[in-house]
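Please take a walk through this structure, one site at a time.

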Amino acid sequence: MRRVLFLSLSLLGLLFAVSSAVVHAQSPQVLKPGEKLRDVRLEPLKDLNGYFPFEVSESPQDWEKRAEQVRRQLKVALGVWPMPTKTPLQKVIYGRIEKDGYTVEKAYFESFPGLLVTGNLYRPTTPGPHPGVLCPHGHWKDGRFYDVGANGVREQIEIGAEKFEEGGRSPLQARCVQLAKMGCVVFHYDMLGYADSQQLSYELVHRFGVQRPEMNTLKNWGLYSAQAEANLQSVLGIQAYNSVRALDFLLELKDVDADRLAVTGASGGGTQTFILGAIDPRPAVAWPSVMVSTAMQGGCTCENCSLLRVGTGNVEIAALFAPKPIGMTAADDWTKEMETKGFPDLKKHFAMMGQPDHTTLAALTQFKHNYNYPSRAAMYVWFNRFLDLKADDKLVEGDYERLTTEQMTVFDDQHPRPPAGDDFERKLLAWWKADADQQLEALRPRDAKSLRAYREVVGGGIDAILGRVLPDAANLTYDQPHKAERADHIEMAGLLTNTALKEQLPVLFLYPKQWDGQVVIWLSEQGKAGLHDEQGKPTAVIQKLLDQDIAVMGIDLFLQGEFLGGEKAPEQTRKVENKREAAGFTFGYNHSLFAQRTHDILTAIAFVRSHEHTPRQVDLVGLGPAMGPLAAAARAQARGAIDRAVIDTGGFRFSNLTDYRSPAFLPGGAKYDDLPGMLSLSAPDKLWLAGEGKKSPPVISASFQASGASDALTVYAGDQPTEAAVEYLLGK
């Protein structure tokens, strides 16, 4: 009888959550009574207020490898691996205002279909071509329309932060005006939810706090939902893509020099600056103000997304710009220690890259969070030098006449506001998802060449999502406190430790007295206790393997077995103390439980493969919707280190989860052909697959066929898959 492919959403989460609550006999224990594991993953979660140092590479060659990894991680996290299909910009530029030495126009274009990027275009009155500069504004009240007011600017003048009562009221306009007078074409554009950009509201983009049931659905979902996270759709990703398209916009202007592009912004605009510089090679110069530091990484939902800063931070992200010139400022905020923490490493990094003078820090810590006149002045010198402006006589700001909101806004009767609200949000994400799926469909393997291209995208994406490959066996140690001789096998329980990562793993080996060199790593919902029945004897299927002289390894994966200290497994994953229910605040800095358990399996594989009694064959078994997906993920990362993978998926799909705190949740899990995408990476090695019906999903069979190994894929659709899996392992 065909097995049910799709379990209910609640049952999927429950199977993961209560896996350690199923009653089995007590398995041999590694820990002494009262003793606890010393695993770094049991410590409090890292959040945006943690410490994020930058470790400088030994050589440019070492950095090149690290940079490729981090850059791909950023692109995957932002939902731009692969880059969304670039549709026509449909740009509109109108309403030219003549000023002294520059002009200002209203401008907007489409980034995603239907999503407008709005702003003002400042141009010199001198003939081009000119450098093009993007100016994302950051979290200033009203964004592009910001006005500090008459009283506010007087206070700024008193402390030396501004010079003019008129122009100083808008430090955002001030830098655009000055850069235009210096000879740059400047596009000052709105962050989502600010000024004219109201298709996604300010409250949604920057103040989201509570999950919306009506948007957390399997179809037509909205931002921050489990579905959006599983497909790596985020506010930060949209804003980053807006910036990419803003570069496209500048390059469509005839008076812009494609070789002299720059970007500068402060606060949230600083985040956009170094993110864009990391993922797009076109900017030649950058200046992110008051944002790059080893401390707070960005407190807004628009500055966070799942996967983004796992194992990295803003200083390293800024370092990706090297060896191109990047300058920055510090203030009396979270950047105040940058001069001694972070920037010395950046200096060392640029020196290692052969350009020691291509980074600078203006430590203006006498001022609070800002992009004020002294900060802008430092930026002007930097841009003058590296954009080859030859504007030495124009580096000092003069006063200017501020534009009013009416003069700046891009909408009027002839240029009406576009659709906005929930329906627009759903349509935007639906297009993004459909486009990503269409690109993957076009990559479907047909031969060896197309298989390589598919693996580059899908395999590269999954690498970033899971965040780990096989660990270095040199970092693994094993302590074995339990060893007992049974009738036909030896029972050994020990503690496997990754000393480099400070992770521990209680494991159990059932070792036949006449071992034939084969090891089966058997994953169980009960951890290593799943190898035994209620009488403390090997279960019937495990005994079958032992009878054929096959060794079996059981593992207490993270938050299974001895990790729990006798407590019930949590029904939801942990989250950081931030009360806002956005996954990026937790999973932007920490691996998900699913990923951590995958890491444990990889640790076990590396240990078995490197054992002094080298096994001739290592097989991995994961049966059911709780263990099958983990086995698929581990196989995707271990690949050739596993001879045969025996997997019953139970029809599991990441796309069927509606709770981002489900133990089965994996950020990006649905993006790259979901679980079948992971399983496709098994080719050409042997895979026994159940839980998918009579035929494997097309991408799996296509991958095996393209690799010339169709015979290596066995599909099982009958009853009693556990017994059938054992028969396969025994070669029957």
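**A histidine, a pocket and a helix pair**

His188 touches Thr118, Gly119, Asn120, Tyr122, Cys135, His137, Arg144, Leu172 and Cys176, leaving aside residues up to four places away in sequence; contact means heavy atoms within 4.5 Å. The model is predicted, so local features need pLDDT of at least 70 and side-chain atom pairs pLDDT 80 or more, while totals for chains, interfaces and linings use all residues. Numbering starts from 1 along each chain as its sequence is written, and side-chain values use heavy atoms, without hydrogens and water.

His188 sits in strand β5 (residues 185-189). Strands (E, at least two residues) and helices (H or I, at least four) are DSSP runs, numbered from the N terminus. His188 counts as buried because its relative accessibility is 0% (buried: under 20% relative accessible area, 1.4 Å probe, protein chains only).

Next, the largest pocket. Its space is about 1,400 Å³, the volume filled by probe spheres set on grid points joined across faces, edges and corners. A pocket here is an open set of points on a 1 Å grid over the protein atoms alone, where a 1.4 Å probe fits, with protein on both sides within 12 Å along at least five of seven lines; lining residues have an atom within 4 Å of a point. Of the 41 lining residues, Val310, Gly311, Arg468, Leu501 and His591 are closest to the centre. Helices α2 (60-77), α14 and α17 (593-609) each supply at least two lining residues. The largest share, 4 residues, comes from α2.

Helix α14 (residues 448-466) also meets α18 (residues 628-638): the axes come within 10 Å and cross at roughly 115°. Axes are lines fitted to C-alpha atoms over the stretch in contact, with angles from 0 to 180 degrees between N-to-C directions. Ile462, Asp463 and Leu466 of α14 make the contact with Ala633, Ala636 and Gln637 of α18.

Conventions:
Buried means under 20% relative accessible area, exposed over 50%, partly exposed in between (1.4 Å probe, protein chains only).
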